[in-house]
Amino acid sequence: MKILVVDDSKAMRMIVIRTFRQLGQAEHEFVEAEDGADGLAKLRSEQPDLVISDWNMPEMTGIELLEAARAEGATTTFGFITTETSTEFRERAIAAGAAFMLAKPFDAVALSEALGAVAA
Amino acid sequence: MPAHYPVPIQEDIRDLLGDLLARGVAVDKTTALVLDDDAVGVVASYVTAEDEVGALCVCDGRFAVLAGAALVLVPPNVAREQIDAGELDDTQVEIAHEVANILSRLLNTPRTPHLRLRTLHRLPGELPPDVRGLLDRPEFRRDFVTAIDGYGEGRMSILVA
């Protein structure tokens, strides 16, 4: 599976990828993007199977990325890992087509459960 | 007059850092953190949708280095060498930025204006007037000493408008 990790924090991108490895899922191909605009470009060029994105980022936010992707017809599974976990943000994410929304800080168990729910 | 924004207590900080770093963290209240002009540290500014500064998180150099090191699993002995270096490099600032970003969760409630991390300022260094203003005249503040298992102690403060 090809996974696009979108976060303006290099540290957080590393942590997301490391958490997949902790789950025994090191075989995935990971592509990194440093903001929403970069994420949209790589969504087009890399055709990932899964996008995991932060919400607050420069240039283009995560929700703007999701909305732009859906507007282009992309149906890629999309999940957020973000500090924005209020009902308002969650409802907007789900309405835009997000499959899950994890709160930072997250752990391997939470990521596994979110991915399991997507796969079910 | 009550502060406009929530100010986390030590248990909130302890639980969030413990979850973030996946290790034990002890947090206690302490006296106000005052950083000299040449002190090493960071100041995170949190703003409303209108770009009004509502809160700051001020960290001394020890907390910035140790929390960041624990987050990305830099060995404690390497982290201590980094503290001894007496300055924060770009990687340390970037990691501290993510710690500050996650701390923003404690600054939001359904009843207060939404705050997000705007900038992490490296110290020593110039601060913009709105950040300097809140740093000098907060409506309320809490100051903490944190001890991260295996890494050591540092100090951080939350100031709100």
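Biologist: Which helix of chain A holds the place of Thr19(A)?

Modeller: This is a predicted model, in which local features need pLDDT of at least 70, side-chain atom pairs count only at pLDDT 80 or more, and totals for chains, interfaces and linings use all residues. Residues are numbered from 1 along each chain as its sequence is written, while chains are lettered from A and ligands numbered from 1 in the order in which they are written. Helices (H or I, at least four residues) and strands (E, at least two) are DSSP runs, numbered from the N terminus. For Thr19(A), the place is helix H1 (residues 10-22) of chain A.

Biologist: How does Thr19(A) count: buried, partly exposed or exposed?

Modeller: A residue is buried if 20 or more other C-beta atoms lie within 10 Å of its own, exposed if 12 or fewer, and partly exposed in between, with C-beta atoms placed from the backbone. Thr19(A) has 19 C-beta neighbours inside 10 Å, so the residue counts as partly exposed.

Biologist: Which residues is Thr19(A) in contact with, leaving aside neighbours within four places in sequence?

Modeller: Contact requires the C-beta atoms of two residues, placed from the backbone, to lie within 7 Å. Thr82(A) is 63 residues away along the chain, and its C-alpha atom is separated from that of Thr19(A) by 15 Å. With neighbours within four places set aside, the contacts of Thr19(A) are Ala108(A) and Leu111(A).

Biologist: What pattern does chain A follow along the sequence?

Modeller: Chain A has five helices and five strands. In sequence order they give β-α-β-α-β-α-β-α-β-α.

Biologist: What is the radius of gyration of chain A?

Modeller: This radius is taken over C-alpha atoms, and the globule rule is 2.2 Å times the number of residues to the power 0.38. For 120 residues the rule gives 14 Å, and chain A comes close to that, so the chain is as compact as a globular protein of that length. The value for chain A is 13 Å.

Biologist: How many residues does each chain give to the contact between them?

Modeller: Chain A and chain B both contribute to this contact, with eleven residues from chain A and 16 residues from chain B. Ala, Val, Leu, Ile, Met, Phe, Trp, Tyr, Cys and Pro count as nonpolar, Asp, Glu, Lys and Arg as charged, and the others, Gly among them, as polar. On that scheme the chain A side divides into four nonpolar, four polar and three charged. The counts asked for are eleven from chain A and 16 from chain B.

Biologist: What is the strand order of the open sheet in chain B?

Modeller: Chain B has five helices and six strands. Two strands pair if DSSP finds at least two bridges between them. The pairing in this six-stranded sheet is antiparallel, and the order is E1-E5-E6-E3-E2-E4.

Biologist: Which strands stand at the edges of that sheet?

Modeller: An edge strand here has a single partner strand, so one side of it is left without a neighbour in the sheet. In chain B these are E1 (25-29) and E4 (116-123).

Biologist: How many bridges join strand E5 of chain B to E6(B)?

Modeller: E5(B) and E6(B) form a hairpin with three residues between them, and Gly150(B) in the turn has a positive phi of about 85 degrees. One bridge pair is Thr146(B) with Gly154(B). E5 (residues 140-148) and E6(B) run antiparallel, and the number of bridges is nine.

Biologist: How many of the nine residues of strand E6 of chain B are buried?

Modeller: On its other pairing, E6(B) is joined by five bridges to the antiparallel strand E3 (residues 53-60), where Leu56(B) stands opposite Leu159(B). E6 (residues 152-160) is largely enclosed by the rest of the structure, because the number of its residues that are buried is seven.
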